[in-house]
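Subject: Handover of a structure

Dear colleague,

Here is the structure I promised to pass on. Please open it first, then read my notes below.

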Amino acid sequence: MARGTMVPTLLVLLLAVCCATTVVHGKEWTVGDNKGWSFGVSGWESGKHIQSGDVLVFKYNLSMHNMVQVGEEDYNSCIVSSPSRTYTSGNDHIQLARGGKVFFICNLPGHCQQGMKIAITA
Ligand SMILES: *[C@@H]1O[C@H](CO)[C@@H](O)[C@H](O)[C@H]1NC(C)=O
Ligand SMILES: [Cu+2]
């Protein structure tokens with residue numbers, strides 16, 4: 001390889017590696033930080049630059065809580081009335097797609113009302 005093309009080629013390679021990694025992995029966010037997915041977690045999401053491709057990790061005691069991805073109405077009412085996906089692993093990973101808002105609540109009786117709900121714009 002000619003000396004003059006070496007540096008640009010390396011730069012292109014570095015950029016490709018860096019940007020491919022960013023797109024595939026995104027950032028992992030533990031919802032509620034140390035407290036996890038728990039009462040009063042609502043508001044944890046505000047001011048965070050959570051982006052599409054990032055992963056939300058919901059950590060909780062699965063004998064006490066669950067996590068349901070819901071629509072905006074059900075988020076507001078704290079009542080799951082539309083078909084929704086319920087997660088129960090206690091360590092649920094959700095990768096955020098591009099665009100729009102997504103809503104998560106715990107649907108055990110009274111828990112959403114006690115702040116087990118978050119709304120994320122990715
Ligand atoms: C989960 O909650 C149940 C019921 O309160 C409790 O008995 C159990 O020890 C908890 N498990 C963990 C890992 O905290
Ligand atoms: Cu709960």
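Is F58 buried or exposed? With a relative accessibility of 0%, F58 counts as buried. Buried means under 20% relative accessible area, exposed over 50%, and partly exposed in between, using a 1.4 Å probe and protein chains only.

Some ground rules. The model is predicted, so local features need pLDDT of at least 70 and side-chain atom pairs count only at pLDDT 80 or more, while totals for chains, interfaces and linings use all residues. Residues are numbered from 1 along each chain as its sequence is written, chains are lettered from A and ligands numbered from 1 in the order in which they are written, and side-chain values use heavy atoms, without hydrogens and water.

**Aromatic residues**

The count of aromatic pairs comes to four. Rings of Phe, Tyr and Trp (its six-membered ring) pair if their centres lie within 6.5 Å; planes under 30 degrees apart are stacked, over 60 edge-to-face, and the rest tilted. W29 and W44 have ring centres 6.4 Å apart and planes at 85°, so this pair is edge-to-face. W29 sits in strand β1 (residues 28-30) and W44 in the loop between β1 and β2 (55-59), so the pair ties together parts 15 residues apart in sequence. Strands are DSSP runs of E, at least two residues long, numbered from the N terminus. W29 is buried at 13% relative accessibility. W44 is buried too, at 10%.

F58 pairs with F104. Their ring centres are 5.0 Å apart and their planes at 55°, so the pair is tilted. F58 belongs to strand β2 and F104 to strand β6, so parts 46 residues apart in sequence are tied together. F104 is buried, with a relative accessible area of 0%. W37, F58 and F104 form one aromatic cluster.

Charges also sit over rings. The rule asks for NZ of Lys or CZ of Arg within 6 Å of the ring centre and within 35 degrees of the ring normal. K27 lies over the face of W29, 4.5 Å from the ring centre. K117 lies over the face of Y75, at 4.4 Å.

**The copper site**

Which residues coordinate the copper ion (ligand 2)? They are H65 (ND1), C106 (SG), H111 (ND1) and M116 (SD), at 2.0 to 2.8 Å. Donors are N, O and S atoms within 2.8 Å of the metal (3.2 Å for Na, K and Ca). Along the chain, the donors follow the spacing H-x40-C-x4-H-x4-M. H65 is in the loop between β2 and β3 (67-70) and H111 in the loop between β6 and β7, 46 residues apart. H65 is buried at 7% relative accessibility, and H111 is buried at 11%.

**The sheets**

One open sheet has four strands in the order β4-β3-β6-β7, with antiparallel pairing. Two strands pair if DSSP finds at least two bridges between them. β4 (85-87) and β7 (117-121) stand at the edges with a single partner strand each, so one side of each has no neighbour in the sheet. β6 (residues 101-105) and β7 pair over five bridges. There, I105 has K117 in β7 as its bridge partner.

Another open sheet has three strands in the order β1-β2-β5, and its pairing is mixed. β2 and β5 pair in the antiparallel sense over five bridges. The bridge partner of V55 is Q95 in β5.

Best wishes
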